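Please look over the model below before reading on.

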Amino acid sequence: MAVSDVVVSFALLVAIYGILSLGLNVKFGHTGLLDFGHVGFFLIGAYTSALFVLPPDDPADFTNYVIGLGDVPLVGTWVFGIIVATILTGVIGGLVALPTIRLREDYLAITLLGISVIFQRVVQSESWLANGPDALRGYSPPFQGLFPIDPGTVVGAVAFALVVFVVWAVATAALSVQRENDSRLPLDRIYAVTTFGLGTRATGVLGSRFAVAGVAGLIAAVISAGLLLAASLVLVVGVLVSVYGWIVVLVAIGQHYAGLERRELALGVGFGTGLLVALLPLPLTDRLSVSIIGTLALLGALVYAYYHAITSYEWVADVKLAVIGLGAVWFVGIWYVLLPILGPLGSGDVSGVLGTLFRNAVWFLQFGSSAGIGYSIAVIGDVTVQLDYSRFQLALFLLSLGALYAILEAAVQSPFGRVLRAIRNDEAVVKSLGKDPFVYKVQSMVIGSALGGFAGGLWAMYSQGLTFRTGAPETTFIALLIVFVGGVGNNKGVLLGAVLYWAFQQATTQLAGFFPPALRVNVLAFRLVVVGVLFLIVLYYMPDGLLGREEYSSGVGES
Amino acid sequence: MTYMAVETGLLNAISNGIVTGSIVALGAIGLALVYDIGDVPNFAHGDLLTLGAYTALLVNRPGTVPGFGTLATDTRGVSIGGLAFLFVVSFVGVLGIVYHLGGIRALKGGWWGIDAPPLVAVGTHVLAAVVVGVLVVTGTPSFLAALLFAVVVVGALVPLMESLVFRKFRAKDASVAMLLIVSLAVAFIVRFGVQTIFGGEIRSYEVDTTIPFAGGQLDITFAKFFDFFVAGNGFSLTIRETRGGNEIPLATFSYSWVEVVAVVAVAAVLAVAAYRWRTDTAGVIGGRLAAALAVVVTVIVGGTALAPGSIPETAWYATRVRASPLRVGIILTALAMMGLLHYLLRATTLGKAMRATSDNRDLAMVRGINTRRVMMTVWIIAGLFGSLAGVLLGFLFSNLSINLGFNLLLPMFAGVILGGINVYGAILGSYVVGLAMEVGIFAIPGLSATYRIPVAFMVLLVVLLVKPEGIVGGN
């Protein structure tokens with residue numbers, strides 16, 4: 001599996017947990033309702049949407065569930081299933097809220113945890129409902145049958161174009177933000193090209209940068225579909241989109257750390273390199289005790305050095321988060337670019353090195369599968385490329401995430417959102433102004449739970465199999481962690497939190513690969529211990545998260 | 001005479017409920033104290049039970065504990081090094097518990113409530129630590145030594161939660177919501193810390209369940225049948241057990257209605273008298289406890305004296321209760337621990353300080369009560385009682401899983417809130433919850449055993465919605 005495929009599966013999880021945590025953020029971050037049972041809605045959403053796309057059950061095949069509407073046209077589709085799941089979880093969230101929402105916050109937390117445990121137990125023990133304690137399997141995610149796509153057909157070209165649309169629109173939106181910052185790079189010119197001239201002129205007509213990004217994405221999608229149908233230029237489009245993505249990512253990193261001085265940059269790079277060195281005992285020795293003790297000792301030394309530096313030197317303390325961030329970026333960079341080519345580099349295989357670099361650079365396409373289109377490139381040799389299903393799924397997920405995020409942002413900035421925050425801050429004031437907090441709290445529960453249900457539907461799609469463990473309380477804990485890391489009540493922060501959490505998870509999953517299978521459970525448990533400790537540190541030192549509470553305009557007194 | 005077939009019924013569910021309630025109560029005591037005095041609704045409390053249950057494995061099955069296995073000779077035997085390790089850990093555990101009560105000054109007797117020369121106090125503490133260490137080492141790998149070891153170690157570890165985590169957050173004026181989330185994070189760390197060491201496999205204790213009893217051998221996990229008969233001429237009870245496929249009667253007790261009425265009347269009179277005698281005293285045995293003790297003593301004395309008789313041929317109502325000595329032992333252990341706690345709260349300086357802090361912390365501080373010591377005591381008790389409950393639970397279920405304690409968290413919270421967040425209320429509430437769990441499973445058709453916890457939770461929900469201050473009534 002190429003490194004870019006790892007990144008794609010990481011992004012899928014970020015999208016799912018981003019939506020789940022946005023739901024919790026509506027409840028806790030914006031309204032102050034501490035829902036320890038958020039995972040219950042995730043569970044219901046997942047099972048509901050799966051039951052809509054499953055074929056009818058067959059007791060002879062040891063499947064047994066209450067409905068299976070997969071054979072019904074229109075109803076038995078993912079779109080319909082997820083819509084129903086979202087509405088259903090919203091309604092259940094409201095029903096749960098009606099009697100319980102008046103309880104004081106510790107009782108509310110216990111009660112909602114209890115309700116989620118009940119949901120889980122019902123799924124586990126009612127064998128007629130959804131296969132009882134056994135896994136619910138036998139469905140496939142939407143449009144999977146189209147893959148690997150045939151770029152010569154209209155359907156294939158449309159699927160390909162959809163992915164191009166999402167990537168192009170996201171990249172363009174990001175670039176439009178970047179070009180407003182002071183930069184020595186010719187970002188305006190790049191923006192003009194990638195928006196097909198719209199960016200400089202049509203902003204007034206189209207209204208916002210997001211509209212421009214959308215239209216630019218649409219144009220890019222149409223063009224790429226045309227290129228595919230006319231000449232099967234899969235690789236060309238893939239390279240173009242990949243390069244565009246790289247430009248945006250590198251500019252983003254460059255701008256983010258532009259304010260750092262040289263010694264601060266060196267410190268960040270040193271931190272990232274130190275992290276890499278600390279992990280070296282794992283691949284280098286086969287003796288488990290040596291590698292575990294060595295790694296832990298080196299990590300301990302690194303953490304101590306960092307702690308010593310931020311407590312002793314003021315200039316380090318000023319950039320303590322930037323150092324970690326830069327170190328992480330550096331670490332990821334080495335992992336993405338350098339580590340995959342170490343093997344061929346060691347054996348002096350130049351074309352192998354270049355081939356690996358090329359495959360990882362063109363992240364938009366999957367290489368080396370049996371199906372796909374063959375190309376012959378100078379130096380690198382023959383490659384087979386295709387747009388695989390996971391990238392298509394990622395486009396769908398990102399589209400959902402973007403849409404929900406936009407709707408939520410609009411909602412929290414509306415008068416409705418202001419009332420929610422007022423309830424969080426002081427309920428008595430809201431009451432005195434003639435608004436009933438009860439109504440708003442129930443509405444907040446409905447919206448948050450519906451988002452949880454939506455995320456559950458995506459999870460069902462992603463995991464392709466559900467068990468009652470889907471409703472384990474750990475998931476609520478992770479959603480809370482994500483909300484707190486980014487910033488309570490800050491939707492952008494929630495997305496950042498989801499990215500950070502899953503980056504940590506992916507990194508540690510890769511590390512677990514160095515341990516014998518018998519010890520994997522222990523290693524994976526240990527990383528949850530680390531997550532817990534990090535959570536405590538965040539809660540203690542940064543209770544407002546990395547991005548802090550977002551200051552929304554009051555809408556009053558501004559003109 | 002043929003013996004009529006007797007089915008288990010409501011009475012059996014009730015007896016199960018009392019066993020479940022005993023374990024829930026042991027856990028809930030610590031939870032209630034921490035909630036009441038420490039102001040933390042501690043979501044990590046369930047995982048303390050898990051921690052206790054797994055710690056006992058170090059003594060009970062040392063060979064199966066990763067890392068520690070190198071000091072073991074086989075699954076249950078321990079080398080000299082291993083024994084030394086267990087001794088040192090127990091020794092440090094006991095002194096650690098004392099240390100939590102106020103540092104070096106506590107070791108010198110600062111918490112005793114009476115003035116004693118420091119040397120005497122230090123000597124006593126060290127002696128106690130040595131005794132516990134010797135008991136653990138000589139008892140290895142027996143279940144009781146494992147229990148003692150787990151209780152001491154967890155009792156010393158749990159207060160660290162307060163001093164390393166919760167105290168710091170409290171110093172920053174953290175809100176209740178924040179403390180809730182912090183406790184959830186601590187729960188995560190404890191649960192997966194245990195899993196990091198022990199892995200994912202399900203474990204169990206190895207316990208020699210036969211003990212010499214009245215000249216024979218008694219298997220404490222082996223169920224005995226208690227058959228109750230209500231007939232026209234009276235009430236009788238016979239105890240039986242299965243041996244080699246046949247049911248053998250062990251003992252029979254039979255009472256005519258006149259005898260029953262007489263015992264009840266005597267018990268009532270004695271109870272009223274005892275209540276009058278002890279009520280309005282601040283002593284260890286108050287009015288209600290005295291009345292309850294009077295009833296128990298009367299029933300035992302009367303029941304033994306009037307026992308002779310035989311089983312009726314036909315009965316209006318007959319029901320069977322399955323109970324093993326282990327289950328009875330759990331109930332008695334819980335009662336004994338509650339008695340100890342009651343004594344601590346009523347008769348010692350520390351206990352009085354705890355009650356005063358619970359009533360009004362600011363006033364207690366003004367009056368010169370060392371509230372930090374009270375806080376640490378609360379956490380120590382949470383650790384001691386919680387680990388005891390965890391080990392007993394692991395023995396009763398005969399398997400240990402990582403979710404052992406978390407599964408009991410909701411029933412414990414239900415018991416605590418039901419009792420209005422105070423220790424005595426929590427004990428009562430826990431028995432209500434335990435009974436509701438078992439009777440609910442028995443009485444509601446189609447409800448499988450998986451629903452035990454939801455049933456406990458429904459009780460809590462109803463109480464919260466109808467009478468949020470708890471059944472005992474708040475202040």
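Two residues are taken to be in contact if their C-beta atoms, placed from the backbone, lie within 7 Å. The model is predicted, so local features need pLDDT of at least 70 and side-chain atom pairs count only at pLDDT 80 or more, while totals for chains, interfaces and linings use all residues. Residues are numbered from 1 along each chain as its sequence is written, and chains are lettered from A and ligands numbered from 1 in the order in which they are written.

**Overall build**
- Chain A holds 24 helices and three strands, these being DSSP runs numbered from the N terminus (helices are H or I, at least four residues; strands are E, at least two).
- The C-alpha trace of chain A spans about 70 × 65 × 65 Å along its principal axes.
- Among contacts in chain A between residues at least 6 apart in sequence, 73% link residues at least 24 apart.

**Helices H1 and H23**
- The axes of H1(A), residues 3-30, and H23(A), residues 491-512, come within 8 Å and cross at roughly 140 degrees, where axes are lines fitted to C-alpha atoms over the stretch in contact and angles run from 0 to 180 degrees between N-to-C directions.
- H1(A) is therefore oblique to H23(A), a term for angles left over once those under 35 degrees (roughly parallel), over 145 (roughly antiparallel) and 65 to 115 (roughly perpendicular) are set aside.
- From H1(A), residues including Phe10(A), Leu13(A) and Tyr17(A) take part in the contact, and from H23(A), residues including Leu495(A), Val499(A) and Trp502(A).
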